[in-house]
Each structure stands twice: as C-alpha cells, then as structure tokens.
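Subject: A structure for you to explore

Hi there,

Here is the structure I promised to pass on. Have a look at it in your viewer, and then read my notes below.

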Amino acid sequence: MSARDLRNAVRRARESRARLEEARRRNKELRERCEEMKRPMELQKIRMEEIKKERKELLECPVCRESFNTAEKVPSFLACDDTVCGECVKKIVEVAHGEQIGRNRVTIQCPECREGIEVPYPFNPQAYRRNEDLITFMEETQ
Ligand SMILES: [Zn+2]
Ligand SMILES: [Zn+2]
C-alpha cells in the first residue's frame with residue numbers, strides 16, 4: 001500500500017465514522033421527538049381514564065354499586081338529600097317494614113348518613129324525587 005492509498009483509506013474511515021456519528025445523532029433526536037409527541041397523548045389517555053372512572057363512580061348507587069338508570073335503578077333522593085337507586089330504596093323499605101309490621105308508613109335509615117326518614121309503605125317510587133341533575137349528567141356523558 002502506497003502512502004497515498006493509506007492516506008485515502010484513513011480519510012474514508014474517518015468520513016464513514018463521521019457519517020455514522022451523524023446518523024446516530026439524528027436517530028437519537030428523532031427518538032426524543034417521538035417521545036415528546038407521545039407524552040401528551042399518554043397524558044390525555046390517562047386523563048380520559050380518570051374522567052371515565054370519575055363518571056362511573058358518580059353514576060353508581062352507593063348501596064348496590066351498580067349504575068343508575070331511568071328504570072328501576074332511577075337515582076332517587078331521600079329526605080336527607082342523599083341519592084340511592086330506586087331498587088335499593090324499595091329493598092330498604094321492605095326490610096324496615098318487616099321490622100315495623102302493620103303501618104302504612106315506615107322509618108328507614110339512610111344508608112349514607114344514617115338519618116332516620118319516614119316514608120310511605122308500600123314502596124312508591126313517586127314518593128322520591130328523581131335526581132334530575134344526575135340523570136342529565138348520565139345522558140350528556142353517555
Ligand atoms: Zn342501588
Ligand atoms: Zn342521607
């Protein structure tokens with residue numbers, strides 16, 4: 001190998017090393033940019049999950065933990081302003097009546113705040129105000 005050939009080989013090796021360095025740097029940059037773009041999307045996904053979880057919690061009966069609906073599980077206000085699904089109110093009324101036989105009114109205990117509330121017997125869904133705010137929220141966020 002002549003001195004000139006050797007110089008050329010060294011130069012080519014240096015150039016290819018420089019190209020490799022450049023490619024590596026660009027790749028790293030690109031990866032970093034990708035990560036940056038991914039981050040807001042991931043945050044958004046986490047936020048969406050949180051919102052969904054919050055919605056689910058807001059829309060479930062505190063007694064049976066099932067979702068409210070506009071049928072038998074309608075969100076019903078008790079006199080204390082706590083909301084329980086109609087099905088659970090009915091069960092609570094039945095249990096209270098079992099212990100207080102022979103009356104057309106029974107005292108139930110709110111499962112949330114433990115307040116004693118007098119309600120008509122037999123259970124009548126009309127006797128409980130529907131939580132319209134909750135129903136609206138349920139329909140709007142469906
Ligand atoms: Zn319930
Ligand atoms: Zn209550």
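How far apart do the end C-alpha atoms of residues 61–114 lie? They are 16 Å apart, and the span is 26% helix and 20% strand. According to an unreviewed UniProt entry, residues 61–114 carry the annotation "domain: RING-type"; UniProt positions are given here in the numbering used in this email, feature names are shortened, and annotations may be inferred rather than shown by experiment.

Some ground rules before we go on. This is a predicted model, in which local features need pLDDT of at least 70 and side-chain atom pairs count only at pLDDT 80 or more, while totals for chains, interfaces and linings use all residues. Residues are numbered from 1 along each chain as its sequence is written, and chains are lettered from A and ligands numbered from 1 in the order in which they are written.

**Overall layout**

The protein has 3 helices and 4 strands, in the order α-β-β-α-β-β-α along the sequence. Helices (H or I, at least four residues) and strands (E, at least two) are DSSP runs, numbered from the N terminus.

Along its principal axes, the C-alpha trace spans about 120 × 25 × 20 Å. The radius of gyration is 34 Å, whereas a compact globule of 142 residues would have one near 14 Å. (This radius is taken over C-alpha atoms, and the globule rule is 2.2 Å times the number of residues to the power 0.38.)

**The core**

Of the 142 residues, 13% count as buried. A residue is buried if 20 or more other C-beta atoms lie within 10 Å of its own, exposed if 12 or fewer, and partly exposed in between, with C-beta atoms placed from the backbone. The largest nonpolar core has 12 residues, including Phe68, Leu78, Ile92, Ile108 and Tyr128. Such a core is a set of buried Ala, Val, Leu, Ile, Met, Phe, Trp, Tyr and Cys residues joined through C-beta atoms within 7 Å. At least two of its residues come from each of β2 (83–85), α2 (86–99) and β3 (105–109), and α2 gives the most, with 3 residues.

In α2, the buried residues are Gly86, Glu87, Val89, Ile92 and Ala96; the buried residues of this helix pack against β1 (75–77), β2 and β3. Ile108 touches Ile92, Val93, Ala96, Ile117 and Val119, leaving aside residues up to four places away in sequence. Two residues are in contact if their C-beta atoms, placed from the backbone, lie within 7 Å.

**Backbone details to look up**

- Arg65 sits in the loop between α1 (3–58) and β1. Its phi is positive, about 65°, although Arg65 is not a glycine. With 9 C-beta neighbours inside 10 Å, Arg65 counts as exposed.
- Arg114 lies in the loop between β3 and β4 (116–120). Arg114 has a positive phi of about 70° without being a glycine, and it is exposed, with 8 other C-beta atoms within 10 Å. The C-alpha atoms of Arg114 and Cys80 are separated by 9.4 Å, although these residues are 34 residues apart along the chain.
- Tyr121 and Pro122 are joined by a cis peptide bond, with omega about 0°. Pro122 is in the loop between β4 and α3 (132–140).

Happy exploring!
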